[in-house]
Amino acid sequence: MYTLDAREKDEFLSSLEKIKELEQSEFETYSIVKNRETGDHYLHYFLSHLNLSAGGRRDDYDYFLPLDSDEVLGLMFGEQPYHFPDHWRNPYLRSGNDNRLIPFDPSENYDLEEDAAAELAMLAQLEQFKEQWMNAENMSAEEKEKLTREYFAQLDKILNKPEE
């Protein structure tokens, strides 16, 4: 559909026309824009950040999420959510404090909550295993092996891996 390559921000902005403004506040604006040259549509999120550590300077950021025709219609008729970052799950272009737009893929951050929960569960299993191992001086080699196998089976279960 779209190739998201780094590009010059001012040049890209000059090729856009606003199709519809969806929402505007003092610091944020959401609008549907169209590239006049390519016909590509984007959801444009503009954020103006008040940088207090820099003496109250306003830093402006632009984000452009590529849209297909169904998404454009869904946004036009208010049937599709669009707020950043909750509904920005596909790669998009974003700006910084220079004159560039850089591609960003948010998909690498999708499963962080699941990963964190698995990490905590694995840590709890490790603590339990260590405690059992510390009290294993009276265990036979077979019992220690069984304890270790059970520990690894629990880890596999946490990671949703079938037992081998």
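Colleague: What should I know about the numbering and the confidence limits?

Modeller: Residues are numbered from 1 along each chain as its sequence is written, and side-chain values use heavy atoms, with hydrogens and water left out. The model is predicted, so local features need pLDDT of at least 70 and side-chain atom pairs count only at pLDDT 80 or more, while totals for chains, interfaces and linings use all residues.

Colleague: In what order do the strands of the sheet lie?

Modeller: Strands (E, at least two residues) and helices (H or I, at least four) are DSSP runs numbered from the N terminus, and two strands pair if DSSP finds at least two bridges between them. Here seven strands make an open sheet, ordered S1-S7-S6-S5-S4-S3-S2, with antiparallel pairing. S1 (7–8) and S2 (16–24) are the edge strands; each has a single partner strand, so one side of each lacks a neighbour in the sheet.

Colleague: How many bridges join S4 and S5?

Modeller: S4 (residues 41–51) pairs with S5 in the antiparallel sense over 11 bridges. Leucine 50 stands opposite arginine 58 in S5, and histidine 41 has leucine 67 of S5 as its bridge partner. The two strands form a hairpin with five residues between them, and glycine 55 in the turn has a positive phi of about 75°. S3 and S4 also form a hairpin with five residues between them, where glycine 39 in the turn has a positive phi of about 80°. Seven bridges join S3 and S4, and serine 31 of this pair faces histidine 44 in S4.

Colleague: How do I read an aromatic pair, and how many does the structure hold?

Modeller: Rings of Phe, Tyr and Trp (its six-membered ring) pair if their centres lie within 6.5 Å; planes under 30 degrees apart count as stacked, over 60 as edge-to-face and the rest as tilted. The structure holds 18 such pairs. For tyrosine 63 and tryptophan 88 the ring centres are 6.5 Å apart and the planes stand at 80°, so the pair is edge-to-face. Tyrosine 63 belongs to S5 (residues 57–67) and tryptophan 88 to the loop between H2 (69–76) and S6 (92–95), so the pair ties together parts 25 residues apart in sequence. Both belong to a cluster linked by ring pairs, whose members include Tyr30, Tyr45 and Phe104.

Colleague: Is tryptophan 88 buried or exposed?

Modeller: Buried means under 20% relative accessible area, exposed over 50%, and partly exposed in between (1.4 Å probe, protein chains only). Tryptophan 88 is buried at 2%, and tyrosine 63 counts as buried at 11%.

Colleague: Which residues touch the most other members of the largest nonpolar core?

Modeller: A nonpolar core is a set of buried Ala, Val, Leu, Ile, Met, Phe, Trp, Tyr and Cys residues joined through side-chain atoms within 4.5 Å. The largest has 14 residues, and Leu43, Tyr63, Leu67, Leu75, Trp88 and Tyr92 touch the most other members. S3, S4, S5 and H2 each give two or more residues to this core, with S5 giving the most, four. A second, separate core has eight residues, among them Leu16, Val33, Tyr42 and Leu93.
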